[in-house]
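Visitor: I'd like to learn how to read a structure feature by feature. Could you walk me through one?

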Amino acid sequence: MTTGTDILGTPLPAPAAQGRPPTIQAIPVRHPWRWVAAVVVLALAVAVVYTFATAPGLDWSVVRTFLFYPEIMHGVLVTLALTAIAMLIGVVLGVILAVMRLSANPVVSSVSWFYIWFFRGTPVLVQIFFWFNIGSILPYLHIGIPFTSLVWVGTTNQIVTPFLAAILGLGLNEAAYMSEIVRAGIISVDTGQTEAAQALGMNRVLVMRRIVLPQAMRVIIPPTGNETISMLKTSSLAYIATVGELFFIQKEISNFNYDIIELAIVASIWYLAMTSVLTFGQYYLERYFARGAARQLPLTPIQRFRRLLFHTHDPVPVVTAVEPPMFFPRHRP
Amino acid sequence: MVRAENVHKSYGRLEVLQGIDLEVAPREVLCIVGPSGSGKSTFLRCINHLEKIDAGRLSVDGELVGYHERGGKIYELREREVCRKRAEIGMVFQRFNLFPHMTAMENVREAPVRVKGENQRAAEERGRALLDRVGLGDKVDVYPNQLSGGQQQRVAIARALAMQPKLMLFDEPTSALDPELVGEVLDVMRGLAQDGMTMIVVTHEMGFAREVGDALVFMDGGVIVEAGPPREVLANPRHERTKAFLSKVL
């Protein structure tokens, strides 16, 4: 092994002969108050849960009876359908509105601004109510092709069923929120990306579809997951339009048997189950769109569980881009 | 191949280009040097119409950039036409601008497949050859953030070459690189020049300009201060501003 010289040419001292010193074995700092805090919090939590779980008026057998009741199951399906369709409308219309908002055409971008202003500025409940009662101001709908005699006339209530009224209210409102999320995603992508794509001869549509949107997805997906979870719960407002979704059904049943809390618990269990499934779905979706952003993809929950069991002494991998999802659901209604 | 006559460009009240005249012949390598803010990059971006010029004439292969002249009137080109022309001009950026969500191969393959409608298999075959050529044959399936700056820039060069351009524009291709990575990128560019590619290179690498460049232009304040064969300009600058600049960078 040769020793070097410093910049003035003086030989550097030879490296120490004894090699690497022993790894530091320090006695860790003790944190007694952490234990105290943990015990206090745990005791309080147990007390609260115990109080409610053993409440004298609460009949768990009712909860058990109705948890898989056919009407409740049907309500779950309707809730899922409402959520899926309304989110689909929200996402598609949201992307369109976001692109409109970023358009160079002032009329197009103003219309988008106005739409967002209107639908974000009025309560969803009112919007659903509006669509549900639209028949009272527009009794008949004329659907026709201009300058031809092809016209279809029908009563509004034939077309705008309670389900459609709820879909319109939830979906059109969601589009306003989604468009802001999509817009934030689009403007988060470095302009160098657009330039590089343009320099390769890609047109605007291609640049948006192949280069900008896939990268914007990383920013768009976490809040969209929030929106979907929020929508799952907001869909309960469809009860105002007499749609037979989970909340409406449980309310119908409890109106009949007066087991109000028991049925609310049944509904809550189903809402929690559905949001949990969505949480997992979002995690895997984020993982997919993190391609090229994180040096190492974060572990899936199953991989993490396995690692916990078998490799407890491995160093934890450095996760740079994607944190496990956390939710701060927004209360809109 | 590229001809600029009295090209002007302003951003608002700031005149970035104040009358640029130059000509680049086919197979020629033109190096543009000068202090930052002198308009070098802006001029380069005008050549593939990433920026619009305000006055003067700028043409590539005898056709105006971004415009079309008929009967003494100038018409703006449609997007489709602008894209068609850009596809014939390769560009390499200071900050690489590789598409981070695509592997090296996907970066190289994207434009030939999507813009030219090339067969995916054929584009990949050529992409592999190009990545080999820039010395990254083993990084085909790697994402950009797993590559060093020098490797990323070489992928970016391969990506531009995949469109089989007739002209290559380099916008300070080594300025964002660690010093020890500059050489590998310059080697690739040198190889390109030897193969007869027409190149316009905005650079601070005077060694490269002297060795590879056929012509050198010194820009300052939006004008060309001095132009000539690189060896002459670099060895005996005639203009005071050139002398002052070179004394700082050499």
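Visitor: Let's start with chain A: what percentage of its 333 residues count as buried?

Guide: Keep in mind that this is a predicted model. In chain A, 34% of the 333 residues count as buried.

Visitor: How many helices and strands does chain A have?

Guide: Chain A comes to 12 helices and two strands. Walking from the N terminus, you read α-α-α-α-α-β-β-α-α-α-α-α-α-α. As for contacts in chain A with a separation of 6 or more, 69% of them are between residues 24 or more positions apart.

Visitor: On to the rings. How many aromatic pairs are there over all chains?

Guide: A pair of aromatic rings is described by the distance of the centres and the angle of the planes. Over all chains here, the count is 11 aromatic pairs. Take A:Phe68 and A:Trp270: their centres are 5.8 Å apart with 90 degrees between the planes, so the pair is edge-to-face, given that anything over 60 counts as such.

Visitor: Which parts of chain A does that pair tie together?

Guide: A:Phe68 is in the loop between helix 2 (60–67) and helix 3 (70–101), while A:Trp270 belongs to helix 11 (residues 260–289), so the pair links parts 202 residues apart in sequence.

Visitor: Which residues is B:Lys52 in contact with, leaving aside neighbours within four places in sequence?

Guide: Those are B:Lys9, B:Tyr67 and B:Glu76. With B:Glu76 there is a side-chain polar contact of 3.2 Å. For a contrast in chain B, look at B:Ala25: 27 residues from B:Lys52 along the chain, with 23 Å between the C-alpha atoms.

Visitor: Last topic, the interface. How much area do chain B and chain A bury between them?

Guide: The size of an interface is often given as the accessible area lost when the parts come together. Here chain B and chain A bury about 2,300 Å², with 52% of it on carbon and sulfur atoms. Counting residues, 27 of chain B are in contact with 24 of chain A.

Visitor: How many salt bridges are there between chain B and chain A?

Guide: Four. One of the salt bridges joins the side chains of A:Asp190 and B:Arg95, at 3.3 Å from N to O. On the chain B side, helix 2 (79–86), strand 8 (89–92), helix 3 (104–114) and helix 5 (149–161) each supply at least two residues that touch chain A.

Technical notes: Residues are numbered from 1 along each chain as its sequence is written. Chains are lettered from A and ligands numbered from 1 in the order in which they are written. This is a predicted model: local features need pLDDT of at least 70, side-chain atom pairs count only at pLDDT 80 or more; totals for chains, interfaces and linings use all residues. Side-chain values use heavy atoms; hydrogens and water are left out. Contact means heavy atoms within 4.5 Å. A polar contact is a pair of N or O atoms within 3.5 Å; within protein, one must be able to donate a hydrogen and the other to accept it, and residues adjacent in sequence count only if both atoms are side-chain atoms. Rings of Phe, Tyr and Trp (its six-membered ring) pair if their centres lie within 6.5 Å; planes under 30 degrees apart count as stacked, over 60 as edge-to-face and the rest as tilted. Helices (H or I, at least four residues) and strands (E, at least two) are DSSP runs, numbered from the N terminus. Buried area is the accessible area (1.4 Å probe) that two parts lose on being put together, summed over both. Buried means under 20% relative accessible area, exposed over 50%, partly exposed in between (1.4 Å probe, protein chains only).
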